[in-house]
Amino acid sequence: MLHPGTDVSPCLTLATLLHEPWLLFHHLHFCSRMKVKLERIIYWAVWTSSVLWSLLKFVKSSKEYFYALNPDDFQNGWQILQGEKKDNSDVEWSIISDTFKRYWIILMFQIFCTQFILRMHRNGVPFFYAFYSMLCLVAIIGTQATTVFLSYIAIMFVAHISGRKGLCYLLTLLALVLLHNPYFQDAKASLTKGETQSFLFEVGLAWMMAKCLSFAVDRIEDDNHKNVTAMDVATTLSYCLYLPAVFTGPIFRYSQFLKEVFESERSQPGIILRNVLRVFYVLLWYFIYEILLHFVYSSAVQYFPEVAFNFDSWSLCGLGYTLPMMFYLKYFIIYGMAGSIARLEGFNFPPAPKCISCIHLSSYLWRHFDRGLYLWILRYIYHPLVNKQRTIFRRVYALVLSFTFVSVWHGMDKPVCVWSTLNFLLVFSEVLMQYTLSTRAGRYFEVR
């Protein structure tokens with residue numbers, strides 16, 4: 001006689017069911033589980049094979065129409081890859097990766113010095129960060145550009161002493177508008193030398209403005225803006241100029257930096273080993289991304305839509321998949337490397353982006369792709385505007401100004417404005433649906 005704990009074969013005789021009717025439900029449950037597993041396997045196989053096939057078709061089509069692309073967007077690739085051309089059209093990736101390769105030694109020296117100073121006197125760390133970061137900025141972007149950085153920090157520091165948050169917000173808005181003004185673009189050429197310095201100066205200044213607003217608001221709200229000491233100046237400079245995040249992000253709050261610079265544990269062997277392994281993990285993905293650039297020309301093709309008109313449907317699907325995936329991998333490496341190096345010094349940066357293949361909501365994308373920027377917007381724009389009044393009108397109003405800031409911060413050109421508007425509409429539709437389902441009519445509709 002069988003008992004409830006006995007393993008049951010999926011094939012049951014009629015006589016067994018007559019004597020043990022409970023086995024019928026066990027059998028149906030077993031079949032249902034097997035069906036779900038089989039269904040998931042089929043979905044995974046279809047999705048994976050479709051993605052791989054579309055990628056292969058896109059790579060093949062890109063090679064066929066290589067002559068129609070800009071030859072200046074490519075450079076000689078690795079010799080081990082048998083002369084494959086490397087896509088070099090992504091200026092951001094080229095400059096930031098080259099900067100890391102050129103100046104990695106100064107980051108290693110910073111980590112070594114930090115560990116040494118921690119054993120001598122922990123309060124000396126902010127002063128070391130401030131002084132060392134200024135020297136490194138002079139070496140990377142030049143004296144004039146570094147002076148602009150320091151001047152803006154000084155302006156915001158003086159403004160926050162007044163205790164008026166509105167003034168700090170106004171200065172940030174004016175500075176962002178000026179940053180992307182054509183007149184500033186002309187002046188930038190006289191402050192820097194070459195494309196690399198010009199790019200790093202502009203990108204670093206944008207991150208700087210967000211961080212300056214963070215220290216100003218946090219210090220005002222914590223009532224630390226009245227009595228200014230040398231330590232306050234040192235922590236502010238070290239926060240704004242901290243390498244390597246000064247050029248790459250991600251952004252993190254001043255109050256978090258202030259807490260971790262004095263309280264975090266940095267020298268435990270187990271923690272150091274884990275963080276070193278994290279650096280090598282990101283480096284592994286760096287080499288994978290560099291290899292992909294020899295075959296996946298999505299960045300170069302996007303500038304020539306007339307080439308894409310010649311692609312078949314599978315190749316177009318491959319282009320549509322590789323564009324966001326390569327974008328994701330790029331920021332996973334950039335943010336991941338900056339965060340991994342910061343972890344070696346005890347700072348918990350916002351995590352690297354989540355894979356976009358696992359994201360189905362626009363709000364989830366914004367919440368987890370650039371986690372640092374999302375938390376910054378939430379803390380300094382969205383929550384102050386909502387002001388504990390979570391009505392639908394307040395939330396939509398806060399959303400409008402949040403995405404307006406995103407548009408201004410990224411330059412307010414036509415593609416950015418279209419992108420910001422579409423993202424706002426998608427997030428707004430989610431907010432509207434959540435509100436509708438919370439009403440009486442919405443709950444009735446959901447039940448029905």
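Mentor: Start with a term. A nonpolar core is a set of buried Ala, Val, Leu, Ile, Met, Phe, Trp, Tyr and Cys residues joined through side-chain atoms within 4.5 Å. In this predicted model, the largest such core has 117 residues.

Trainee: Which residues of the largest nonpolar core touch the most other members?

Mentor: Phe149, Met208, Phe215, Tyr242, Trp376 and Phe405 do. Helix α8, residues 194-221, gives the most to this core, with 16 residues.

Trainee: What is Tyr242 in contact with, leaving aside its neighbours within four places in sequence?

Mentor: Its partners include the aromatic residues Tyr129, Phe252, Phe257, Phe347 and Phe349. Gln110, Ser133, Ala342 and Glu345 are on the list too.

Trainee: How confident is the predictor in the chain, by mean pLDDT?

Mentor: The mean pLDDT is 85, and 91% of the residues reach 70 or more. Over residues 1-12, however, the pLDDT is below 50. That stretch has 17 contacts in the model beyond near neighbours in sequence. Where pLDDT is low, predicted coordinates should not be read in detail.

Trainee: Which elements have the lowest and highest mean pLDDT?

Mentor: Helix α1, residues 14-19, is lowest at 48. Helix α5, residues 143-161, is highest at 94.

Trainee: Why is Ser313 called exposed?

Mentor: Its relative accessibility is 56%. Exposed means over 50%. Therefore Ser313 counts as exposed. Ser313 is found in helix α15, residues 313-344. Ser313 and Ser54 are 259 residues apart in sequence, yet 8.6 Å apart in space, C-alpha to C-alpha.

Trainee: What makes Trp47 and Tyr321 an edge-to-face pair?

Mentor: Two values. Their ring centres are 6.5 Å apart, with 80° between the planes. An angle over 60 degrees counts as edge-to-face. The pair is one of 43 aromatic pairs in the whole structure. It links distant parts of the chain: Trp47 is in helix α2, residues 22-64, and Tyr321 is in helix α15, 274 residues away.

Trainee: What makes Phe424 and Phe428 a stacked pair?

Mentor: The planes are 20° apart, and the centres 5.8 Å. Stacked needs planes under 30 degrees apart. Both residues lie in helix α19, residues 414-438, four residues apart, about one turn of the helix.

Trainee: Is Phe424 buried or exposed?

Mentor: Buried, because its relative accessibility is 17% and the limit is under 20%. Phe428 has 25%, so Phe428 is partly exposed. Other buried residues of α19 include Val416, Ser420, Asn423 and Val427. What covers the buried residues of α19 includes α16 (362-368) and α18 (392-409).

Trainee: How do you know that the span of α19 agrees with its 25 residues?

Mentor: At 1.5 Å a residue, α19 should span 36 Å. Its end C-alpha atoms are 36 Å apart, so the two agree.

Trainee: Why is Glu92 called buried?

Mentor: Its relative accessibility is 18%. Buried means under 20%. So Glu92 counts as buried. Glu92 is in helix α3, residues 91-120.

Trainee: What makes the link between the Glu92 and Tyr331 side chains a polar contact?

Mentor: The distance is 2.8 Å, and the cut-off for such N or O atoms is within 3.5 Å. Leaving aside neighbours within four places in sequence, Glu92 is also in contact with Phe199 and Lys330.

Technical notes. Residues numbered from 1 in each chain as written. Heavy atoms only, no water. pLDDT = per-residue confidence, 0-100. Helix = DSSP H or I, 4+ residues; strand = E, 2+ residues; numbered from the N terminus. Contact = heavy atoms within 4.5 Å. Buried < 20%, exposed > 50% of the residue type's maximum accessible area, 1.4 Å probe, protein only. Phe/Tyr/Trp six-rings, centres within 6.5 Å; stacked < 30°, edge-to-face > 60°. Expected span 1.5 Å × (residues − 1). Polar contact = N/O pair within 3.5 Å; in protein donor to acceptor, adjacent residues only side chain to side chain.
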